[in-house]
Structure formats: C-alpha cells, structure tokens
Amino acid sequence: MDRLFLRSQDEVQKTVSGIYSDLERRIVASPVGQCPVDLTASFLMLAHSQSCGKCVPCRVGLGQLQLMLGRILDLDVQCDIYDLAILERTAKTIAETADCAIGSEAAKMVLRGLKEFREDYEYHIKYNTCSPRVREAAQSVPCMRTCPANVDIPGYVALVKHQRYDDAIKLIRKDNPFPTVCALICEHPCEMRCRRNLIDAPINIRGIKRFAADNCSENVPIHEKMDDTGKKIAIIGGGPSGLTAAYFLAVMGHKPKIFEKREQLGGMLRYGIPNYRLPRTRLDWDINAILSAGVEVETNCDISSVDFMKKIREEYDAVYIAIGSHGAKMLGIEGEMSKGVIPAVEMLRGIGDNKLPDFKGKSVAIIGGGNVAMDVARTSKRLGASEVTIVYRRRQQDMTALPAEVAGAIAEGCELVQMLAPARIETDKEGYVKALIAQPQMVGPMDKSGRPAPLRADKPEVRIPCDIIISAVGQATDSQVFEEFGVPVYRGNITAAENTNVVELDGVFAGGDCVTGPSTVINAIAAGKVAAANIDAYLGYDHKMSVDIEIPLPDHKDDIPTGRVELKERFARERDKDFDEVEEPKSFEEAMQECSRCLRCDYHGYGAFRGGRDEQW
C-alpha cells in the first residue's frame, strides 16, 4: 500500500487560483474616491470567506461585523450613532481573541477605518448616504485622478494613436508645460490605478508621452496669450514649480518675472538630474517654450536679505516662492567634514554647470537609498570611478528610489550593500577619506512609512575602503531670509495652505519642494499650476486655461489581453562610459500597440464613475 503521493492542483483549485489573480488585479485597479465604508464591508466579506471556522471570534464575530456594516449601509434601515460603539467594541474583541491573522487582521481593518474615516460612518447613519466628499469626488478617470497636475491622459493617448503628436503636446501643456521633461523622468503615478490592470497590466503612459515628445514638430505652438492685465508677479525660483506658475500666469495676460539664484533655469531638473536621464537639450526645449509666453527672467539673483524681499513685495502685485530644497542634510557622524566627503546635491549642482569632478580610478561610497543616491552612483561610474558602493541602512525592497533606477545602477556595475548604517569616517593623517565604517543592522518592526525600521545588529562594524564618500541622505530648504521676512516656517520648510496661499502674508504664495520637502517633479508642477490659478483669482481675475482640440472617439477594440510594451535601454556595458541618454524611444509599432490598450475611461463613464474630461480650469 502506497503511503505518500505527489500533490497536484485539481481543476477547481486552478480555477480558484485564477479568480484570486483576477481579484488582485481588480484591487490594484480600484479607483480613488470609492466609499470607504462600502469598501470595508466588501473586504470583510472576503476575509470571512477565508475563515477556517475553528474559532468563534473569526467564524461568528466577522459575520456579526458584516451584519452591522450591512445595517449601516442599508438605505431602508435607520441606525443609531451608538451602533458605532457596538461595532468598535466587537471589532476590538475579535482583534484580541481570534486565533489567527485571518480574524484579527480583518477586525483591525475595521478599527482602522473607524479611526481614519469615522465621519463617513456617521454620515451613513445620520443621512443613509455616502458623505459629500465621496459623492462629489464621483470616481473620475483613474489616471487623471492620480496625476497631481490632472493632465488629460486618455485624450493625449488617443491623439498619439491617431498620429496627431503636436495636438498631444498642446493638450498636455494645458495642465503641464513640461511635456518633454515628464516624458523622460516622471515617476508616472498615473499608472498606479490604471483600469487596464483589470485585464493585464497598466498602459505605459510615460512611454506614450515620450513618443509624442520624440515625434512632434520642433516648434509646437504654445497657448494663445490672453489680454494684457498689467499685473506684475514676482516668482522666486526658476525650477519646475516656478516655471510652471510663470507660464500659466503669462498666458493669462499677467507679467511674471522669475528671480533665479543660479546661472541657468531648471532648478533640480538641471542641477539634480544627470544628462543621461534628462538631456539638457530636451530640458531647454520645454523651458524655451515657457519663456516664449512672455516670462521675464533675472538669473544670478540671490534673495539674501529681508530688505530685498520687502522691495520685491512692494514692487509686485503678488509673489510666489518656489525656491526648492537645494541644501544638503548632515550625516551626523564622526568625520563627515573630512576631505573627500561630498554632499550629493553639491556634486550634481556642479555637474549642472558642466563642472565635472575627476573620479578616475577612485573608489566611491554612496550613502543613501533614494533616486538622488542612484543618480550620483551612476554618475560616479561615468566619471571614471573604479568602484562604486551604495551603502543603505535598510533592505533593497525598502529603498525609496524607483526600482528601475536601482536596477540600472546595479547593471552598470555599482555594488549595493544593504543593512549597513554609517557609523564614522576613517581618515589619514592629512584628513583625507580612507574608509567608511558602518554598523550592521537588522530588520525591526514597521515604522510610520510602512517599512521595517532598521535596528542595530549585534555584529562587528564593517570597514569599506574608499577615497570619496558622497552623502545622499536628504535635502534641506534654505528658508531663513523668508522666515525673517515673516513667512511661517516649520522644520525648515515654508508653511502654506493647500491653495499655496501663505495665510499670514497678503499676496504671498508658496509651493513645491520648499513647502512639501523634496518630492517629485510632477508634484512641483502641480503646485505651480495651483499657484497660478489662485494668484489669478487673488488679482481679481477668472482666466480659464483651455485648448480647442477634438479628441478622437474610441474604436471598441481595446479589451484584448496584450502584453505591456516597456521602454528599452542601451546596453549597460556601453552606457556607463558616457552621459548620453540611457533610455531608447519606442518604435511606431510599439507605440501604436500600447495606445490601443487604453480603455478610454474618459469616454466610457457611467453611474458613480464619472467619465468625460475637464476641458478647462
């Protein structure tokens, strides 16, 4: 008699596994703006279906939570606010007494919701409907909702599909005057909730935008300027946020003037992103289009005194502060002022002005795990470094850098050393760097960022020999002059409302990295757009930004499961020797196939899901 058998999935289990995969894709594609109470009830039902039935808290308790949530959501049942107390008490009991995570985690999900969106529960109980916040949001097109600048993504994808590349660029510029920059380096949050996930994978939105930027005319016309208002706006900072505000204000008929501290415009686009990711010619194409709208510029202008700031405020009708975060944060370890220790922002700033350091034959250690750390690591290889070691105190999967940037650095020969925290810097008698001494770490409990916190491991220190140490542990905002002028500052960053208004100072606005801290390019652009709209309103106007472009209709052949076309890169063994662009453009066939995958959510909107488009703002 045989005792054991090889296990194999039967057809039912294979089908169930497929359903789970479909469910995972549906969760990924879940649009922003859904009723959180209804969503909690749905997830609770799924959790209850997974219960083994062994323990009463899970088997019975989760069922009771479902009944309570069902009553709260039932339009024909009038609940009492006291029902929330019963719901909360029941969930706490299950969380504390369930035998396994199926029950306890489901109950904790309910408790988390009661804490974070209690007002939604209360609104359902009082008025038997979703809160106004949910009803007014109405689940707009997912990609547009998750784009900070609210760019009309389905519109320009449809235009690219019909080979109308100039029109695609014009449509993008309605909300974002940096179509080329974002085509090359945007972190594409728009892809996160793409409904194409329901079928296979999100469409390559950035790649399609790049195809439009690669194939449009040399001189795509900008927006037609509106009537001159005579109003003067001072914009302090010529980075993506300041340039965006200047462009829209100029188109609206105002007279913006940018005061830029450095020799050239672009901010961190020029002084923080290497040429192999963002060629300067491509950056200048966007900037020149912005300036052509009638933007005045004064470079090498440092707002270094309160008197200068007062003079600007007196001479201009409004002021927008968009200085970015160009300062370097300290490591806080012994020896960080040694010769050979270079802040990443200073290194990239020099390269932005074509002042390339000589790393030939040098051993370089990079401290940090963000995109800036990857940029300086890959740049060091191109500057001739014999060895480049990236030292990070967490795991690779916990890095804040884009996975593609980490993979690119490793492919180009940079070594990633994980779970090591810098302890001190060893130097020779003359004060030059000899080695980085690091303390091994271990994975600890989750912190506020949702990542496991690094904890000191009981292991001996590690010595990493090197000639150069580049610190890429964060950036700081130089806000002292503005604070002295009266602009509120909290922990080094300027305090401004969501409408970019500095409440304490009439006519002063602020946005971008100097408010949020170091963030993404598209977030800075969005802040500039918001500032332009609200400065226009502050000046007593209501100019509308729009573009007269007819969007093609969908062809209803977009639901065939098809693989996602990824952007290709040059061979690592070739690209790590120069600063030429790493990424290769799509072919015509690839672009057309990718465009055909768009489900055109802007056209197929129904019920609670609002299709259509915002034709003006």
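Reader: Which residues touch the most other members of the largest nonpolar core?

Author: Some ground rules come before the answer. This is a predicted model, in which local features need pLDDT of at least 70 and side-chain atom pairs count only at pLDDT 80 or more, while totals for chains, interfaces and linings use all residues. Residues are numbered from 1 along each chain as its sequence is written, and side-chain values use heavy atoms, with hydrogens and water left out. A nonpolar core is a set of buried Ala, Val, Leu, Ile, Met, Phe, Trp, Tyr and Cys residues joined through side-chain atoms within 4.5 Å. Buried means under 20% relative accessible area, exposed means over 50%, and partly exposed is in between (1.4 Å probe, protein chains only). Here the largest core has 79 residues, and I153, Y156, V160, L269, Y320 and I535 touch the most other members.

Reader: Why does this core lie between domain 2 and domain 3?

Author: Both domain 2 (146-221 + 561-608) and domain 3 (232-326 + 477-538) give residues to the core, so it lies between them. Another core lies apart from it, with 28 residues, including L348, C414, L416 and F579.

Reader: How is the chain divided into domains?

Author: Domain bounds come from an automatic or database domain assignment. Besides domains 2 and 3, the division has domain 1 (33-137) and domain 4 (329-474). Taken over C-alpha atoms, the centres of domain 1 and domain 2 are separated by 39 Å.

Reader: At roughly what angle do the axes of helices α13 and α22 cross?

Author: Helices (H or I, at least four residues) and strands (E, at least two) are DSSP runs, numbered from the N terminus. Axes are lines fitted to C-alpha atoms, for helices over the stretch in contact, and angles run from 0 to 180 degrees between N-to-C directions. For α13 (residues 240-251) and α22 (residues 521-538), the axes cross at roughly 35° and come within 7 Å. Contact means heavy atoms within 4.5 Å. On the α13 side, the contact is made by P240, S241, T244, A245, F248 and L249. Among the residues of α22 in this contact are V521, A524, I525 and I535. I535 is also one of the residues that touch the most other members of the largest core.

Reader: Where is A531, and is this residue buried or exposed?

Author: A531 is in helix α22. With 0% relative accessibility, A531 counts as buried. Leaving aside neighbours within four places in sequence, A531 is in contact with Y320 and T500.

Reader: How many residues of helix α17 are buried?

Author: In α17 (residues 344-352), 7 of the 9 residues are buried, and the helix is mostly covered. The buried ones are A344, V345, M347, L348, G350, I351 and G352. Their cover includes α14 (268-271), β6 (341-343) and α18 (371-382). L348 also belongs to the core of 28 residues.

Reader: What does H326 touch?

Author: Not counting residues up to four places away in sequence, H326 touches R262, G267, M268, V345, R349 and A476. Of these, V345 is one of the buried residues in α17. H326 is in the loop between β4 (318-321) and β5, and at 17% relative accessibility H326 counts as buried.

Reader: What is the phi of M419?

Author: Most residues other than glycine have a negative phi. M419 has a phi near 60°, a positive value in a residue other than glycine. M419 sits in the loop between β9 (415-417) and β10 (420-427) and is buried, with a relative accessible area of 16%. H188 also takes a positive phi, near 40°. H188 is in the loop between α11 (179-185) and α12 (205-215) and is partly exposed, with a relative accessible area of 25%. Just after α17, N354 takes a positive phi of about 65°.

Reader: Where is A385, and which residues is A385 in contact with?

Author: A385 is in the loop between α18 and β8 (387-391). Leaving aside neighbours within four places in sequence, A385 is in contact with F359, G361, K362, V364 and S380. A385 is buried, with a relative accessible area of 7%.
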